[in-house]
Amino acid sequence: MKKLFALMLALAMVLVATGAFAAKITINSTAGDDVQADTTVYTYYKILDADIENPTAVTVDPDSGESTAATEGDNVPRVSYYVTTQAKATALEETGLFTVTKDATADKWYVALKDDSTTGADIATALNAIKTVFADASDTFAQTAPGGTAVKDGLAPGYYLITSTLGDVLAVQTLADITINTKNDYPTVDKTIPETDKSAQIGDTITYTITVDVPDSAVDQIVVTDTMTSGLTFKSITSVENGTDALVADTDYTFAKANDQSFTVTLSATTVTANKGKTISIIYTAVLNKNAVVDAADDTDADATSNDNTVKINYGNHFESKPVTVETDTQKFTFDKVDGADQKKLPGAIFELRLNDTALNLIEVTAGEVYRIATAEEIADDSIAKVTQMTTTGKVITVNGVDGDVTYQLVETQAPTGYNLPDDPTTVIKPATDNTLEVTIENNKGTVLPSTGGMGTTIFYVVGGLLIIGAAIVLVARRKAHE
């Protein structure tokens, strides 16, 4: 019994515990900043009863009520551990870790370790496998806040198995108050998008990657909830994998779509258990739609608005993570057509917005003033009016929904009446660059037509001059004849 007590005192717990005697168990836990709400339920099972032969070795503070016991020296409590039913004795013996001896005069089966080198983790694992046999001597206690404290007092001396809804398994003796300090292992979640998707054009497909890190202690299902703002439309799940293998829909996980902006992926308890210590990735796509929030500034602008996509996880009924959000921006630019001389706004100029030399389909939101990029669905729907040309009306024109990282060509295809096209009718537009957010394009009025290089109008001047001179000579001759 002395060897059993010494081993249990030093090793027989998965998490660090201090103290002895059966007054109170206190579990202090810490949690990371990613945990928003937490209720961790602990279940204890009394495995072994204990008789303390020298109870004065356990002292109680009269003010705090806390009990303590020496862990070394002559005043270490002398203890005998036992169970009181044949079923429990048999279960312990069948673990292969214990020897069990029946008391000849009472229903007590005394328990000792077979091997002093058995670790506390080994004991906890073995007891966890047979805990249902000890369900008659079990109860629960809980912590209800991240990084909180769970307390169970009034426990009799003995040896206990403690499990938690986060998958903890620990074994402790209660020969005095025990304090366990632990950092709970929660599943964690993150979300990323490629750099190229942080700015996008309306109609573009955005790729998202959700990663769920499954701790070694996880035993319950994980529900991943993804929510987008109205400017994004869920498209499809591309893959769910654990780094080496693809997970199977409706077997390893279930997918449920709440609406175009929200869905859940539920990783079953079996899947979670099978992937302890691994990272599960959920890769999916969404489309930047016509409702996208448009911002005229680049990504470094503190006032910039964006199209948010948020993810969180729930682990069973035990905790909820804080949301993780990624953003996709879409931009706009404006252009103005003016007279090159007096900067008067000019109606009647026709422009195309081109990408890779192809005119883009546009939706005219406000006649002659506001346009936006058409989505693929709108382009495919013949009942929806689209244009590829914008005609100035003497007002500034705004184009919404362009990718801030893409170079566009704004091409003037027709000048206002009485004006010439610029020498270079193409204006390069890259919305994330400040000097192209607002573009002014000048046109100038027509000039004298150029010469062809031949005699041109000169011959008319010469002939006209000769005719005038000849007429003058004739007029003078006639006057002299009359004289």
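# Places in a predicted chain

Reader: Is Asn-356 buried or exposed?
Author: The relative accessibility of Asn-356 is 63%. This is a predicted model, in which residues are numbered from 1 along each chain as its sequence is written, and local features need pLDDT (the predictor's confidence in each residue, from 0 to 100) of at least 70. Side-chain atom pairs count only at pLDDT 80 or more, while totals for chains, interfaces and linings use all residues, and side-chain values use heavy atoms, with hydrogens and water left out. Because buried means under 20% relative accessible area, exposed over 50% and partly exposed in between (1.4 Å probe, protein chains only), Asn-356 counts as exposed.

Reader: What is the phi of Asn-356, which is not a glycine?
Author: Asn-356 is found in the loop between β27 and β28 (358–359), where strands (E, at least two residues) and helices (H or I, at least four) are DSSP runs, numbered from the N terminus. Most residues other than glycine have a negative phi. Asn-356, although not a glycine, has a positive phi of about 55°.

Reader: Where is Gln-343, another residue with a positive phi, found?
Author: The phi of Gln-343 is near 65°, and this residue is partly exposed, with a relative accessible area of 40%. It is found in the loop that lies between β26 (330–339) and β27 (347–355).

Reader: How many helices and strands does the protein chain have, and what share of its residues is buried?
Author: The DSSP runs of the protein chain come to 6 helices and 36 strands. Of the 483 residues in the chain, the buried ones make up 42%.

Reader: What share of the contacts with a separation of 6 or more joins residues 24 or more positions apart?
Author: A contact means heavy atoms within 4.5 Å. Among contacts in the protein chain with a separation of 6 or more, residues 24 or more positions apart account for 74%.

Reader: Why does Thr-225 count as buried?
Author: Thr-225 has its place in strand β17 (residues 222–228). Leaving aside neighbours within four places in sequence, Thr-225 is in contact with Phe-263, Thr-264, Thr-310, Val-311 and Lys-312. Thr-225 is counted as buried because its relative accessible area is 18%.

Reader: How far apart in space are the C-alpha atoms of Thr-30 and Gly-147?
Author: Thr-30 lies in strand β2 (residues 24–30) and is partly exposed, with a relative accessible area of 44%. Beyond its neighbours within four places in sequence, Thr-30 has contacts that include Gly-147, Thr-182 and Tyr-186. Although Thr-30 and Gly-147 are 117 residues apart in sequence, their C-alpha atoms are separated in space by 3.8 Å.

Reader: Which residues does Asp-139 contact, leaving aside neighbours within four places in sequence?
Author: Asp-139 lies in strand β10 (residues 138–143), and with a relative accessible area of 34% it is partly exposed. With those neighbours left aside, the residues in contact with Asp-139 are Tyr-42, Thr-43, Tyr-44 and Lys-152.

Reader: Which elements give two or more residues to the lining of the second largest pocket?
Author: On a 1 Å grid over the protein atoms alone, a pocket is an open set of points with protein on both sides within 12 Å along at least five of seven lines, and lining residues have an atom within 4 Å of a point. The lining of the second largest pocket consists of Thr-233, Phe-234, Val-287, Asn-289, Lys-290, Thr-375, Glu-377 and Glu-378. The elements that give two or more residues to this lining are β18 (232–241) and α5 (376–380).

Definitions and conventions:
On a 1 Å grid over the protein atoms alone, a cavity is a set of points where a 1.4 Å probe fits but cannot get out, and a pocket is an open set with protein on both sides within 12 Å along at least five of seven lines; lining residues have an atom within 4 Å of a point.
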